[in-house]
Amino acid sequence: MTQRLLPEWHPQDAVQLTWPSLESDWAPLLERIEATLEAMVVAITHYQRVLISVPDQATHERLIRTFRQLGVPDDRLILIEAPADDTWARDHGPIAIQRDGKIVLLDYEFTGWGGKFPATRDNALTGRLHEAGVFKAPVEPRDLVLEGGAIDTDGQGTLLTTEACLLNPNRNPHFNRQAIEARLREDFGVERILWLTQGHLEGDDTDSHIDTLARFCDPGTLAYVRCDDRDDPHYPALAAMEEELNTLRQADGSPYRLIPLPWPRPCFDPDDGHRLPATYANFLILNGAVLVPIYGDAADIQALDALATAFPERDILPIDCRSVIRQHGSLHCLTMQLPRGTLNRPSSINEEH
């Protein structure tokens, strides 16, 4: 039996989203976050399908009308009524592997980033979608606490992660590094695990998810956050992370091509003034495009240009994420890619509803 953790650039069936409700922390910002999600759906459906779990029938019916008005083809959308606690599909969504050529979805335990937030419905969401007949691929529960934003892979046997998250006692307190590595190798078929010990973002609830800091763009290229402001409190840790990245080597011993992403001006919550985790590393790779979070900052253009060099064959599409960081995540955190072979046949909204 051979297993492989697929890279994000593997051909995809769809992108999964979880739509917010008035019962969630998004209630004061619901109109704004819905506008952002609508823009994402319009962009994504130019390239592939979108699977959206919605909180109730009223939202389901409203989104059907909204997306038809926005010109989204019915067969590019799958809407399923399934309750959730929050919107972060990257972390409560399934993690796909390829086993003997077939897609298998691994359903890990999600605890609200170590018990920080309610997560019972989020943790059950993959099972609910499976019961609804969405997935062609089998779903296998796992008893390990693991979020999709905590790991990244080159698709060739190397996994990139952070000590601050995976070794945090709020996740799997009875697992040391050796035990965690053994589980990752067993589940994902990876041969090398690269650990970053440095790097964090203020306002981040995830304990330094790798998808906020450094990402594979292809097997030999890493894009990463660079802080060039020595007066910024992030500077020491991110400079140390840059040094770590420079010491990493590919499986053949060659260094990685490193693409620094710019540092936006500090973003602060307008209500209480705390700093928000704006990062350009939270991009999403699609079949023919890359969606890039932007923040109304002069560095936005630099970030788009940098990622265009990393993905010369893909369209580079900006998505305004100033509303998203108000809840301490960004674009990639809202999504989970579903590789080709994950979903049942394309379904129209009419058939789903």
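1. Start at the N-terminal end of helix H2, which Asp-56 caps. One of the Asp-56 side-chain oxygens lies 3.4 Å from the backbone nitrogen of Ala-58. Keep in mind that this is a predicted model.

2. Next, look along the helix. H2 covers residues 57-69, 13 residues in total. From first C-alpha to last, H2 reaches 19 Å, close to the expected 18 Å.

3. Which residues of H2 are buried? They are Thr-59, His-60, Leu-63, Ile-64, Thr-66 and Phe-67. Residues three or four places apart in an α-helix point the same way, because each turn takes 3.6 residues.

4. Now step past the helix. Just after H2 comes Gly-71, with a positive phi of about 80 degrees.

5. Most residues other than glycine have a negative phi. Trp-113 is not a glycine, yet its phi is positive, near 55 degrees. Trp-113 is found in helix H4, residues 112-115. Is Trp-113 buried or exposed? With a relative accessible area of 7%, Trp-113 counts as buried, because the cut-off for buried is under 20%.

6. Ser-208 is the other case to check. Its phi is positive too, about 70 degrees, and Ser-208 is not a glycine. Ser-208 is found in the loop between strand S10 (192-196) and strand S11 (214-218). Ser-208 is buried, with a relative accessible area of 7%.

7. Finally, confidence. The protein chain averages a pLDDT of 96, and 98% of the residues score at least 70. Over residues 347-353, however, pLDDT stays under 50. For that stretch the model has 24 contacts beyond four places in sequence.

Note on methods
Residues numbered from 1 in each chain as written. Heavy atoms only, no water. Helix = DSSP H or I, 4+ residues; strand = E, 2+ residues; numbered from the N terminus. Expected span 1.5 Å × (residues − 1). Buried < 20%, exposed > 50% of the residue type's maximum accessible area, 1.4 Å probe, protein only. Polar contact = N/O pair within 3.5 Å; in protein donor to acceptor, adjacent residues only side chain to side chain. pLDDT = per-residue confidence, 0-100. Contact = heavy atoms within 4.5 Å.
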